[in-house]
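Open the model in your viewer and keep the selection panel at hand. The tour below goes from one selection to the next and says what is found at each stop.

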Amino acid sequence: MAKDVPWPRLPAAGRGTDRRIVTRPAPAGLADAGQLGSRPAAAVVGGGIAGLTAATGLAERGVTVTLFEREDHLGGRVGGWTDRLPDGTAVTMSRGFHAFFRQYYNLRSLLTRTDPRLDRLTPLADYPLLDAQGRTDTFAGLPRTPPWNALAFAWRSPTFTPRDLLRINGRGALPLATVSVPETYRRLDDIDAASFLEAINFPEAAKHLAFEVFSRSFFADPRELSAAELATMFHLYFLGSSEGLVFDVPTEPFPQALWDPLSGYLGDRRVTLRTGTAVASLERTPDGFAVTTADGTGQFDAVVLACDVAGLREIAAASPTVGSVEWRAAIAGLRTAPPFLVRRLWLDRPVAAARPPFLGTGSVPPLDNISLLDRYEGEARRWAVRTGGSVVELHAYAATTGDRLAKALDERLHEIYPETLDARVIGSISLWRADCPLFGVGDFARRPMVETPDPALVLAGDGVRIDLPVALMERAATTGWAAANTLLAGWGLAGHPVRSVPNRGRIGLLNRLAAGGR
Ligand SMILES: Cc1cc2nc3c(=O)[nH]c(=O)nc-3n(C[C@H](O)[C@H](O)[C@H](O)COP(=O)(O)OP(=O)(O)OC[C@H]3O[C@@H](n4cnc5c(N)ncnc54)[C@H](O)[C@@H]3O)c2cc1C
């Protein structure tokens, strides 16, 4: 990579442009709960993307919403809070780098509530991936429409060559190009991602591409991740969408860019935000649910559980009158992916100008990626301008041990960006967490869905099953809208549209071949 060329920036964060976007129209119904005589009251448990989306969907139809969030801040895994550097400077800490892809239609729909043109997102020009031999694959400048994106990628990739493409077992690889949910899970959920790629002859040198983009970013070892999940990711980000793999990031830390404005929006719609309040249990009553927190018990007509896996398991275990025995057993069986480390460094000098804002580095464990916050986030940039330093973030997913991990990440950073070796560390904060769902082999059929055995209780979250090609933040938002829609329909209220990339392969001939092979 040339050292003296500044990394390019794109002009604006666009909205979805794929002409094949699939829209499920908003279910019809009354426009406002005021027309019902009395407004239903709903509790939303969890203030991550899923809970905030559900609260928005309900509040916009006039439902009286109380949102309970265990932490003191909103946003869940995309939340942020104030921390301090050793010199006393206040900084916003978070789990850090998140890619807001253009095909995240339902998440973007939430964000447009307070930012109609998505001005608080900014595009990153590329998603370069560095392999163990020092070769770099990039996604910048590719055609956006499948299959031309894949062919052009193979044409210019140093690790995935046109010859590799020809060697792939075409029939075995068909599911990658013909994804349809839930059918793909029926066919591939019993195989792990690593074995699937081996079976289709996916080139060894290019495996890091598939694993980094589509597996480790699910926080899972490829031997533990369902091949169906891998295929769905491949479809969502690459072969099923013409939005491209280029993505946006917020221009300021998550609270300022996303959740503070949304709190104001929800407050204007009579949503009570109870941060710092964990829900301990639910009890089914003749009229709805008694929701118990450390502060007491409140009565609600309906509940959205939008917790992370551990929170959902705890509530279900403490609520024997809720759902059914089978449903509670399914919740108890949900698993979390292995832990991950997010490490942020405030350095006393800049990183070389030509370095990209984000670099995937996962082919040499334990470091998965390096992001340079001061290249895209306002708060970090202002700090860097003031001090002459830089803000660098390192992620390690599917980590087996925390011992020495921070040191190993720093050493790998120094190898890849040698200019950081002599930098003085003005401040460092490391987060060691394990709160992402695991999409393990064979889990799909057991995964709880938005609807539960009780029509007044719904689930939302990135670990909840919905039969659309969505993942991660977009699955959280999509299940959030779907949860709101389910409750709204029960009250005769209008719902909200839900969008996705096409829920089938884009290439008709391949779809026909795949159908013939079944
Ligand atoms: C390091 C990292 C990087 C990531 N990068 C990306 C990326 O690039 N792109 C992408 O799409 N996704 C990414 N993700 C995944 C993304 O963060 C999640 O998919 C998404 O935030 C999940 O939202 P959620 O609302 O389902 O869950 P959460 O955000 O986990 O929200 C659940 C909330 O429930 C609360 N809660 C739990 N129990 C209780 C209780 N008893 N009472 C009240 N509240 C409770 C929790 O405190 C939490 O706030 C990344 C995740 C991490 C950790």
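**Stop 1**

Select Arg 186, which counts as exposed at 60% relative accessibility. Before going further, note that this is a predicted model. The side chains of Glu 183 and Arg 186 form a salt bridge, with N to O at 3.6 Å. Both residues belong to helix 6 (residues 183-188), and they sit three residues apart, about one turn of the helix.

Step back to Pro 182, in the loop between helix 5 (170-177) and helix 6. The peptide bond that joins Val 181 and Pro 182 is cis, with omega at about 15°.

**Stop 2: a pair between two helices**

Select Glu 229 and Arg 475. Their side chains meet in a salt bridge of 2.6 Å, N to O. Glu 229 is in helix 9 (residues 227-239) and Arg 475 is in helix 15 (residues 472-490), so this pair ties together parts that are 246 residues apart in sequence. Are these two residues buried or exposed? Glu 229 is buried, with a relative accessible area of 3%, and Arg 475 also counts as buried, at 5% relative accessibility.

While helix 15 is on screen, pick Leu 472, which is found in that helix. Leu 472 has a positive phi, near 50°, and is a residue other than glycine.

**Stop 3: a network of salt bridges**

Show the side chains of Arg 335, Asp 443, Arg 446 and Arg 447, which are linked in a network of salt bridges. Within it, look at Arg 446 and Asp 443, whose side chains meet at 2.9 Å, N to O. Arg 446 counts as exposed at 52% relative accessibility, whereas Asp 443 is buried with a relative accessible area of 10%. Across the whole structure there are 28 salt bridges.

**Stop 4: a buried serine**

Select Ser 371, in strand 18 (residues 369-372). Ser 371 counts as buried, at 0% relative accessibility. Which residues touch it, leaving out those up to four places away in sequence? Ser 371 is in contact with Phe 97, Pro 357, Phe 358, Tyr 376, Val 391, Val 392 and Glu 393. For a distance across the model, draw a line between the C-alpha atoms of Ser 371 and Gly 57: they are 33 Å apart, and the two residues are 314 residues apart along the chain.

**Stop 5: helix 13 and its cover**

Select helix 13 (residues 378-387) and colour Gly 378, Glu 379, Ala 380, Trp 383 and Ala 384, which are buried. What covers these residues? The cover includes strand 5 (90-94), helix 10 (254-267), strand 16 (340-347), strand 19 (390-396) and strand 20 (425-433).

**Stop 6**

Select Leu 151 in helix 3 (residues 148-156). Leu 151 is partly exposed, with a relative accessible area of 40%. The C-alpha atoms of Leu 151 and Pro 162 are separated by 7.8 Å, and these residues are eleven residues apart along the chain.

Then select Pro 147, in the loop between strand 9 (136-137) and helix 3. Pro 146 and Pro 147 are joined by a cis peptide bond, with omega at about 0°. Most residues other than glycine have a negative phi, and most peptide bonds are trans.

**Stop 7: one more positive phi**

Select Asn 201, in the loop between helix 7 (193-199) and helix 8 (207-214). Asn 201 is not a glycine, yet it has a positive phi of about 70°. At 45% relative accessibility, Asn 201 counts as partly exposed.

**Last stop: the whole model**

Zoom out and switch to a cartoon view. The protein has 16 helices and 22 strands. Its radius of gyration is 23 Å, close to the 24 Å that the globule rule gives for 518 residues, so the protein is as compact as a globular protein of that length. Along the principal axes, the C-alpha atoms fill a box of roughly 65 × 65 × 40 Å.

Colour by accessibility next: buried residues make up 60% of the 518 residues. In a surface view, the protein exposes about 20200 Å², and carbon and sulfur atoms supply 54% of it. Finally, colour by charge: the mean positions of the 57 positive and 56 negative charges are 5 Å apart.

Conventions: Residues are numbered from 1 along each chain as its sequence is written. This is a predicted model: local features need pLDDT of at least 70, side-chain atom pairs count only at pLDDT 80 or more; totals for chains, interfaces and linings use all residues. Side-chain values use heavy atoms; hydrogens and water are left out. Helices (H or I, at least four residues) and strands (E, at least two) are DSSP runs, numbered from the N terminus. The radius of gyration is taken over C-alpha atoms; the globule rule is 2.2 Å times the number of residues to the power 0.38. Buried means under 20% relative accessible area, exposed over 50%, partly exposed in between (1.4 Å probe, protein chains only). Accessible areas come from the Shrake-Rupley method with a 1.4 Å probe; for residues, only the protein chains shown count as cover. Lys and Arg count as positive and Asp and Glu as negative; His and the chain ends are not counted. The place of a charge is taken as NZ of Lys, CZ of Arg, CG of Asp or CD of Glu. A salt bridge is a side-chain nitrogen of Lys or Arg within 4 Å of a carboxyl oxygen of Asp or Glu. Contact means heavy atoms within 4.5 Å.
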